[in-house]
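Work through these exercises with the model open beside you. Try each task before you read its solution.

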Amino acid sequence: MPGFKVAIDGPAGSGKSTISKRIAEQLNLTHIDTGAMYRAITYIALQKHINLDDESSYVFMQDLKVRYEKNRIYVNDMDVTDQIRSDAVTRNVSKVSSFPYVRRILVQIQQEAAQNIDVIMDGRDIGSVVLPDADLKIFLTANVKERAKRRQKEKEVLGIKQELDALENEILERDHKDSTRKESPLVCPPDAIVIDTTHYSIEDTTKRITEEILKKE
Ligand code: C5P
């Protein structure tokens, strides 16, 4: 049995991970947050003080095992879930994820992790590259102001205050880098259902996607 596959793509702060996590819990699917994997490699690269601009310095990835399990991200069994949310990681992750070498290794890990299981995977290239035969493809969007507000609230919960303008700029910059890179850029797959979540709550969007999944199963 190949397993039932749901691909969720979209720009930064569109709610992909939160919504995928909820759907996974409700429908008993395995959730894989691929953004967490790119962040984990960025975190390790920063720890190692490698030259982030040089693709050949990412050979260190050969010795790493990256695994996303039950909402936690591990590198060689070390839990780096909290570390990957730092500003330094967020600032550099789009650069790290633009290298074909980095993507090739992570895409292979993601495809292997999705084999033979029912999975909901979120990222930027899931419907286009990682799981092109997914049973359902969703592309989530929301206007940048709304996405910045959501990020601000998430940060507030962690006790971090950040100006809306700064968050908006960070999101716009990351979107631009992610959608203009040469290797598997952020695109909306032609066969995806596009959902603009600007005026919808997490609950509404979760319900909407759940309905689409149940139609397919
Ligand atoms: O999903 P999140 O915003 O945590 O992703 C962090 C970054 O990882 C993105 O801005 C993008 O550069 C990269 N990414 C990617 N491909 C994916 C998932 C994330 O390039 N499938």
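**Exercise 1.** Find which residues V89 touches, leaving out those up to four places away in sequence.

*Solution.* Step 1: this is a predicted model, so work from its coordinates as given. Step 2: locate V89 in helix α3. Step 3: list its contacts, which are R39, T42, Y43, L46 and I84. Step 4: take R39 from that list. V89 and R39 lie 50 residues apart in sequence, yet their C-alpha atoms are 6.3 Å apart in space.

**Exercise 2.** Decide whether V89 is buried or exposed.

*Solution.* Step 1: count the other C-beta atoms within 10 Å of V89; there are 21. Step 2: apply the cut-off, where 20 or more means buried. Step 3: V89 is therefore buried.

**Exercise 3.** Work out the strand order of the open sheet and say which strands stand at its edges.

*Solution.* Step 1: the open sheet has 3 strands, in the order β3-β4-β5, and the pairing is antiparallel. Step 2: β3 (66-69) and β5 (78-79) each have a single partner strand, so they stand at the edges and one side of each has no neighbour in the sheet. Step 3: check the pairing of β3 with β4 (residues 72-75), which is antiparallel over 4 bridges. V66, for instance, has V75 in β4 as its bridge partner. Step 4: look for the helix on the sheet. α2 packs there and touches β3 and β4, with its direction at about 40 degrees to that of β4.

**Exercise 4.** Describe how α6 and α7 cross, and name the residues that meet.

*Solution.* Step 1: two packed helices are described by the angle and the distance between their axes. Step 2: the axes of α6 (residues 144-157) and α7 come within 9 Å and cross at roughly 115 degrees. Step 3: the crossing is right-handed. Step 4: from α6 come V144, K145, R147, A148, K149, R151 and Q152, and they meet L164, L167, E168, I171 and L172 of α7. Step 5: sort these contact residues by class, giving 6 nonpolar, 1 polar and 5 charged.

**Exercise 5.** Find which element gives the most residues to the shell around the ligand.

*Solution.* Step 1: the shell holds 13 residues, and G35, Y38, S97, G123 and R124 come nearest to the ligand. Step 2: the elements that give two or more residues are α2 (34-48), α3 (87-96) and α7 (164-180). Step 3: α2 gives the most, with 4 residues. Step 4: by class, the shell has 3 nonpolar, 5 polar and 5 charged residues.

Notes:
Residues numbered from 1 in each chain as written. Predicted model: local features only at pLDDT ≥ 70, side-chain atom pairs only at ≥ 80, totals over all residues. Near = placed C-beta within 6 Å. Nonpolar A, V, L, I, M, F, W, Y, C, P; charged D, E, K, R; others polar. Axes fitted to C-alpha atoms, helices over the stretch in contact; angles between N-to-C directions. Left-handed = near helix turned anticlockwise from the far one by under 90°. Contact = placed C-beta atoms within 7 Å. Pairing = 2+ DSSP bridges. Buried ≥ 20, exposed ≤ 12 C-beta atoms within 10 Å, placed from the backbone.
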